[in-house]
There are 2 protein chains.
Amino acid sequence: MLEERKKKVLQAIVEEYINTAEPVSSNAITNNYGLNFSSATIRNEMAELEKSGFLDKPHTSSGRVPSEKGYRYYVDELLKDDNISLEEIKYISSKLETKVNEIEELTQITANTISEITHYTAVSIGPKPATQIIEEIKFILLGNRMLMAVIMTDTGMIRETIIKFDEDINQKQVDTINYMFNNKLRGQSIEIINRPFEEYLFDEMKYSVKVIKPIVEQIKKVLIEDEKIYLEGANKAFELPEFNSLEVAKNFVNVLDTKEIVADMLNSGIAKDINVYIGKENEKEELKDFSIVTFKHKVGNKDLGTIGIIGPKRMNYSKVISVMKYINKKLKDM
Amino acid sequence: MLEERKKKVLQAIVEEYINTAEPVSSNAITNNYGLNFSSATIRNEMAELEKSGFLDKPHTSSGRVPSEKGYRYYVDELLKDDNISLEEIKYISSKLETKVNEIEELTQITANTISEITHYTAVSIGPKPATQIIEEIKFILLGNRMLMAVIMTDTGMIRETIIKFDEDINQKQVDTINYMFNNKLRGQSIEIINRPFEEYLFDEMKYSVKVIKPIVEQIKKVLIEDEKIYLEGANKAFELPEFNSLEVAKNFVNVLDTKEIVADMLNSGIAKDINVYIGKENEKEELKDFSIVTFKHKVGNKDLGTIGIIGPKRMNYSKVISVMKYINKKLKDM
DNA sequence: TTTTAGCACTCTTGTTTTTCGATTGCTAAT
DNA sequence: ATTAGCAATCGAAAAACAAGAGTGCTAAAA
């Protein structure tokens, strides 16, 4: 679609801009990026790239800046995804070999690793409840009026929650509850918990609404409503020049502080393992000044959690995507 | 120590500055705050207050700003701690009446409430491990190679963690572990876990290092190393004019991102229920531009968690302290 | 003795003007 | 098709200026 030289010019401008955060002049990329032409020639190419929407110009007499279309073309067609050094590979390996006890811990460590290598802020979230199957559920009596429920799913996720009662319960009752719930829930999708709780009542009606209802409600809360979101390296963003704008900085803090935005950001884009959203491509208005790269940690069809990198549109896509691809391979091997 | 009128002037300047964030001129406080004097008189007082270190002047021809000494005097001597409205009281009550299952949840809700009412950022941390007594510890077998340990303490804190093994364990073994650990740990301070793990070995040596060691290590990790910190309303700070300075904003995000700073900030100052640290009074260099007010949630001598408010030195101490005092009373009644 | 009116002086803030330099687009030569 | 050359454009930084807010001091008033 673009001639070879135009591609080179676009790539040069994107990469130069990613490095410098300054509008790129025709002079800056001549005799570089394999562009052995005079600045005048480059200028002509730049003018045409601007006309077709790949570049923007902050003002008449300034250099060029990639437009969102420009970034998109770069990401889709020009970017190299082997931008990862031996040291980085070693570092990743050492981090991922940490012994973890739970799947969500691994997702967190991965997010932390990506953040450290790319110097962008990372957020992570556990697997989506809807896709998970309940493998076992255990009730443990704590004291006389407290029950802990531990739910294990097929993805290796373990969630626990505490339920308090107004009256004493004994071990025999707990055994029955254990049996009842496992009978109803084992092998079912987590979503089943959304059904009216009456369904959990036994015919015998031994265990009344008083006992069953709070259990179901609490399990629902912890499994479906309470999406745990982890944040890594929020302060890293403040080193970037785009954060000299109060407006942008404020917006950023706001986004990270709003759970719903982050959750949405991570949950959109189911298609691929790695998804890139550039500026206004993001559904959420609040993210229009940022780029997001999400990475779905999957094994087969099983969703094990999602990690997102949030940074300026002038993000080092090549580095981020390279690291994610490498980690993806690494995790699949584990 | 200060004459009555000087106190009034100081108070007026502190409160005016808290409201406006602008240096306070002699004119601004005449015929106000009970100061029915001409601006010239006030000017003389201000000059003397400055000489004795209670006020600062950004430059020769500007109004006055409280110094840290000024704020300190205000907090210690002048501040009113009944700065709380009926609506606020109602709101607090409704929030604190939420049914919680765990002590740390209550601390979080309290932090959230304080943050919402004062519009400052709140951080919270659970009770200090050192002060807690282990009441019970339960081990639950999950699958064949995983153990969940649930530890309950006298403060109502419940912590759970998962331990993975390389080989199968059976229920009988779990029962023994249960018995062993409760035997050793029940009624002891959490700190006991810091002792060399060999002490947990039975004479019979039935359960080898292989089993005991990972359990002790994991419990140690979750109880002592892993201080859970919660953050409420980080974005609120960005509404304040002092955060227009990139420097300050950056510092702030950095502080909140560094667990150790926050933990230290919350753990210092054991003396009173409510502690105020103004600017450089904070031990940590990073906090020198901020004021911290911490609130220790205690029942008797038992530490149940700490909540901290972080904001500009120009903090509304009166509001913050009033709210905390009210909440303190309210919590004690529960 | 205390308070206040009056005024010169200081310093910040905001605005306008000027300067400087980077970069472009176009034209004409290569 | 490429490039050298150059006028034109615009922003960013510096300089110059004006306005205003506030002080400190002095001398008069209470």
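**Protein–DNA contacts, chain symmetry and domains in a predicted model**

A phosphate oxygen of DNA strand C lies 3.0 Å from a polar backbone atom of B:Ser38, a polar contact, that is, a pair of N or O atoms within 3.5 Å; within protein, one must be able to donate a hydrogen and the other to accept it, and residues adjacent in sequence count only if both atoms are side-chain atoms. The model is predicted, so that local features need pLDDT of at least 70 and side-chain atom pairs count only at pLDDT 80 or more, while totals for chains, interfaces and linings use all residues. Residues are numbered from 1 along each chain as its sequence is written, chains are lettered from A and ligands numbered from 1 in the order in which they are written, and side-chain values use heavy atoms, with hydrogens and water left out.

Two further phosphate contacts to DNA strand C come from side chains of chain B. In total, 21 residues surround DNA strand C, and the closest are A:Ser26, A:Arg43, B:Thr41, B:Thr60 and B:Ser61; a residue is near a molecule or strand if one of its heavy atoms lies within 4 Å of it. Of the atoms of DNA strand C that come within 4 Å of the protein, sugar and phosphate account for 75%. The residues of this surface divide into four nonpolar, twelve polar and five charged, where Ala, Val, Leu, Ile, Met, Phe, Trp, Tyr, Cys and Pro count as nonpolar, Asp, Glu, Lys and Arg as charged, and the others, Gly among them, as polar. At least two residues each are supplied by α3 of chain A and α3 of chain B; α3(B) gives the most, with four residues. Helices (H or I, at least four residues) and strands (E, at least two) are DSSP runs, numbered from the N terminus.

DNA strand D is surrounded by 20 residues, the closest being A:Thr41, A:Thr60, A:Ser61, B:Ser26 and B:Arg43. Sugar and phosphate make up 77% of the atoms of DNA strand D that come within 4 Å of the protein. Helix α3 (39–51) of chain A and α3 (39–51) of chain B each supply at least two residues of the surface near DNA strand D. Here α3(A) gives the most, with four residues. By class, this surface has three nonpolar, twelve polar and five charged residues.

B:Asn31, in the loop between α2 (26–29) and α3, has a phi of about 55 degrees and is exposed, with a relative accessible area of 58%. B:Tyr33, located in the loop between α2 and α3, has a phi of about 50 degrees and is partly exposed, at 26%. Buried means under 20% relative accessible area, exposed over 50%, and partly exposed in between (1.4 Å probe, protein chains only).

The two protein chains were then compared. Chain A can be laid on chain B with an RMSD of 0.1 Å by a turn of 179 degrees and a shift of 0.0 Å along the axis. The two copies are thus related as by a two-fold rotation axis. In chain A, the C-alpha nearest the axis belongs to A:Leu246, at 3.7 Å from it. Copies are superposed by least squares on the C-alpha atoms of residues with pLDDT of at least 70 in both. Because 100% of the interface residues of chain A are also interface residues in chain B, the copies meet through the same surface.

Chain A is divided into domain 1 (4–78), domain 2 (86–126 + 228–333) and domain 3 (130–225), with bounds from an automatic or database domain assignment. The centres of domains 1 and 2 of chain A, taken over C-alpha atoms, are separated by 27 Å. Eight residues of domain 1 are in contact with 15 residues of domain 2 in this chain, contact meaning heavy atoms within 4.5 Å.

A:Asn275 lies in strand β8 (residues 274–278) of chain A and is buried, with a relative accessible area of 6%. A polar atom of the A:Asn275 side chain is 3.1 Å from the backbone oxygen of A:Lys272. Not counting residues up to four places away in sequence, A:Asn275 touches A:Gly269, A:Ile292, A:Val293 and A:Thr294.
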